[in-house]
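Subject: Structure handover

Hi,

Here is the structure I promised to pass on. Please open it first, then read my notes below.

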Amino acid sequence: MFRTVLVHAGEHPALAQGQAPPGLLSPAEETILAGLTLLPRRRKWLLGRWAAKRLLGELAAEDNGVVAGLPRNEDWRRQCSILNDESGVPYVDRQGQGRRPLSLSISHRGDWGLAAVALVPGARIGADIESVEPRDPALVRQFFSESEAERVGSGRDADRTVARIWSAKEAVLKAMGIGLRHDTRDIVVGDEKVAPGLTEGWRALDVWLAPVLAVRIAPRSLTLLCRDFDGHVVTVALLL
Ligand SMILES: CC(C)(COP(=O)(O)OP(=O)(O)OC[C@H]1O[C@@H](n2cnc3c(N)ncnc32)[C@H](O)[C@@H]1OP(=O)(O)O)[C@@H](O)C(=O)NCCC(=O)NCCS
């Protein structure tokens, strides 16, 4: 249904310095990087491109039809760009040929970068990585539904529960292409549920959408999956 890749800033010395590893960026991406002046933003942005191009390279090496149309030569990473549309949604642009019909999502947290691609034609994907750490209680008060706040209050591993719910909300809003412009309480993240065929530690989560969002995704259905990773929670939302 989907593929993800996680990369670490320590994989290449240039990434930690906010510089592009040689051969990574297209000319269009180099122009964007030149406009990013703050080091944390440069690092995050580069980690996203490093992750996304790693994932595209893996899929191309497997001859996966989902990346059909990408250049097949050693210099392919310089011939395709990971750009963002006017809403911020990332997409793959092949030099001179425009947006590829491929749903891509990017997230960064600390030294980790995450990229995810939907493998089902026409599906849309949103992915998010969050660290499990104590958060300002205002996050739960302002952005969680009553039932979510109750689960946080009554559970034993509150930090993990908060990270999981917050990451899930972001992943859903990314799959919809909205981001945090929408009220996060219109997405209510539930408990884990049984789902057949999941591998690599992925678990399915129940999720409820307010009618205003349910109408926007119809006739698609929403699948929400999460896994734990090295003190982080990774979430993928798929609109199928
Ligand atoms: C999209 C958003 C949820 C990202 O959350 P985040 O925790 O800050 O950052 P993450 O690292 O998880 O994700 C960032 C990536 O999300 C992607 N993204 C941005 N806007 C997106 C959107 N509307 N839909 C889908 N994906 C989006 C981008 O690829 C971005 O990485 P890039 O800029 O390097 O390409 C959030 O930044 C947002 O909603 N932004 C738009 C609204 C806004 O700017 N609000 C002000 C802050 S509340």
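One definition before we start: Ala, Val, Leu, Ile, Met, Phe, Trp, Tyr, Cys and Pro count as nonpolar, Asp, Glu, Lys and Arg as charged, and the others, Gly among them, as polar. Also keep in mind that this is a predicted model.

**The largest pocket**

The largest pocket has a volume of about 590 Å³. It is lined by 30 residues. Closest to its centre are Ile106, Ser107, His108, Glu170 and Lys174. By the definition above, the lining splits into 11 nonpolar, nine polar and 10 charged residues.

Which element gives the largest share of the lining? Strand E5 does, with six residues. E5 covers 104-109. Helix H3, strand E7 (124-131) and helix H7 (158-175) are also among the elements that each supply at least two lining residues.

**Two helix pairs**

Two packed helices are described by the angle between their axes and the distance between the axes.

Take H2 (residues 27-35) and H3 (residues 39-61) to begin with. They pack at an angle of about 160°, and their axes are 10 Å apart. Angles over 145 degrees count as roughly antiparallel, so H2 is roughly antiparallel to H3. Their crossing is right-handed. H2 brings Glu29, Ile32, Leu33 and Ala34 to the contact. H3 brings Arg42, Trp45, Leu46, Arg49 and Lys53. Five of these contact residues are nonpolar, four are charged and none is polar.

Now look at H6 (residues 146-154) and H7. Their axes come within 8 Å and cross at roughly 155°. H6 and H7 are therefore roughly antiparallel to each other. The crossing of H6 and H7 is right-handed. On the H6 side, the contact uses Glu148, Arg151 and Val152. On the H7 side, it uses Ala158, Thr161, Val162, Ile165 and Lys169. The contact of H6 with H7 has four nonpolar residues, one polar and three charged.

**Two backbone details**

Most residues other than glycine have a negative phi, and most peptide bonds are trans. Two places here are worth a look.

Where does Glu200 sit? Find the loop between strand E8 (187-193) and strand E9 (203-209). Glu200 is not a glycine, yet its phi is positive, at about 55°.

Then go to the loop between helix H8 (211-217) and strand E10 (222-229), where Pro219 lies. Ala218 and Pro219 are joined by a cis peptide bond, with omega about 5°.

Best wishes

Conventions: Residues are numbered from 1 along each chain as its sequence is written. This is a predicted model: local features need pLDDT of at least 70, side-chain atom pairs count only at pLDDT 80 or more; totals for chains, interfaces and linings use all residues. Side-chain values use heavy atoms; hydrogens and water are left out. Axes are lines fitted to C-alpha atoms, for helices over the stretch in contact, and angles run from 0 to 180 degrees between N-to-C directions. Helices (H or I, at least four residues) and strands (E, at least two) are DSSP runs, numbered from the N terminus. Angles under 35 degrees count as roughly parallel, over 145 as roughly antiparallel, 65 to 115 as roughly perpendicular and the rest as oblique. A crossing is left-handed if the near helix is turned anticlockwise from the far one by less than a right angle, and right-handed if clockwise. Contact means heavy atoms within 4.5 Å. On a 1 Å grid over the protein atoms alone, a cavity is a set of points where a 1.4 Å probe fits but cannot get out, and a pocket is an open set with protein on both sides within 12 Å along at least five of seven lines; lining residues have an atom within 4 Å of a point. Grid points are joined across faces, edges and corners, and a volume is the space filled by probe spheres set on the points.
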